[in-house]
Amino acid sequence: MSVNLKDKIAVVTGASRGIGYFTALELAKAGAHVIACARTVGGLEELDDAIKAAGGSATLVPFDLADMNAIDALGASIFERWGKLDILVANAGVLGVISPIGHVEAKVFEKVMTVNVTATWRLIRSVEPLLMRSEAGRAVILSSAAAHRCRPFWGPYSASKAAVEALARTWAGETQSTPLRITSVDPGATRTAMRAQAMPGEDPDTLPHPRDVAKAIIPLVGPNVTETGKLFVVRENKLVDYRMPE
Ligand code: NAP
């Protein structure tokens, strides 16, 4: 399904590589102006080149999501320049470490919570007034099956993803009577740096490419989305309703 995003303004976090990179590229190809966020300038510049080659446009915003003041400043800058925001893709995330809970170092646990949870809340707080100024605001929050499966040794990451899903559903309830539609999406195992860190022995070629996962996610920012607060999963490059594990 192709979505026309002409004149839309979209923020994508974690746009320097992986799922965020390709989601940003697909948004730009669909006509959105992409505000691409991440720390790695080289990755953002590569994205900018790819977007320009596809006939689109982007604004690069390199910063660390652990910097909460920078997240506030992002919202203020978007207001000054565009006066609104149409699409938020809160995608950036870190795995932390695969380890028994009792062995996780405090700084690692805190980093996972800061980037995956606190920064997502701060981003919501920063851009919600801007999304409300859009005639059809859309927010997509990247989650993970780990939020529900709670697989041994994935403690900090699982807890962080359960927390962002709770944030997304709460936010959806609060904004139900507005045009804003909010979705969580579990992209499924995808060929990225994070997956390679989690599963070093796995053959990446057996996994879906983030380009295809991004294509599956894009309809969630389109005008036809009516439900809010739902969790979707990407399986075999298709978006499907989530079912709780038995
Ligand atoms: P990835 O390839 O590791 O990319 C993560 C992105 O997040 C990068 O662009 C990175 O940019 C950004 N990021 C990390 N820490 C940051 C920080 N402190 N400040 C700003 N940006 C930061 O990961 P991915 O696999 O594409 O994952 C994308 C999302 O999908 C994540 O939320 C992840 O939890 C979720 N997910 C992935 C899978 C999978 O199999 N890949 C499965 C389920 C869920 P910089 O390093 O340049 O800052």
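Ala, Val, Leu, Ile, Met, Phe, Trp, Tyr, Cys and Pro are counted here as nonpolar, Asp, Glu, Lys and Arg as charged, and the others, Gly among them, as polar. By these classes, the shell around the ligand comprises 14 nonpolar, eleven polar and five charged residues. The model is a predicted one, in which local features need pLDDT of at least 70 and side-chain atom pairs count only at pLDDT 80 or more, while totals for chains, interfaces and linings use all residues. Residues are numbered from 1 along each chain as its sequence is written, and side-chain values use heavy atoms, with hydrogens and water left out.

The ligand is surrounded by 30 residues, of which R39, T40, N91, Y157 and T192 are the closest; a residue is near a molecule if one of its heavy atoms lies within 4 Å of it. A polar side-chain atom of R39 is placed 2.7 Å from an oxygen atom of the ligand, and for an N or O atom in the side chain of R17 the distance to a ligand oxygen atom is 3.1 Å. From the backbone, an N or O atom of T190 lies 2.8 Å from an oxygen atom of the ligand. Of the 880 Å² of accessible area that the ligand has on its own, the protein covers 96%, as computed by the Shrake-Rupley method with a 1.4 Å probe.

The space taken by the ligand is the largest pocket, a pocket being an open set of points on a 1 Å grid over the protein atoms alone, with protein on both sides within 12 Å along at least five of seven lines; a molecule sits in a pocket if more than half of its atoms lie within 2 Å of its grid points. Helices (H or I, at least four residues) and strands (E, at least two) are DSSP runs, numbered from the N terminus. Two or more residues of the ligand shell come from each of α1 (18-29), α6 (155-174) and α7 (193-198), and α7 provides the largest share, three residues.

The largest pocket has a volume of about 990 Å³, a volume being the space filled by probe spheres set on grid points that are joined across faces, edges and corners. Among the 47 residues lining this pocket, I19, G93, Y157, T192 and M194 are the closest to its centre. The largest share of the lining of the largest pocket, five residues, is again supplied by α7, and the lining divides into 22 nonpolar, 14 polar and eleven charged residues.

One cavity of 30 Å³ or more is held by the structure, a cavity being a set of points where a 1.4 Å probe fits but cannot get out. The largest cavity has a volume of about 60 Å³, and α4 gives the most to its lining, with five residues.

Key: A polar contact is a pair of N or O atoms within 3.5 Å; within protein, one must be able to donate a hydrogen and the other to accept it, and residues adjacent in sequence count only if both atoms are side-chain atoms. On a 1 Å grid over the protein atoms alone, a cavity is a set of points where a 1.4 Å probe fits but cannot get out, and a pocket is an open set with protein on both sides within 12 Å along at least five of seven lines; lining residues have an atom within 4 Å of a point.
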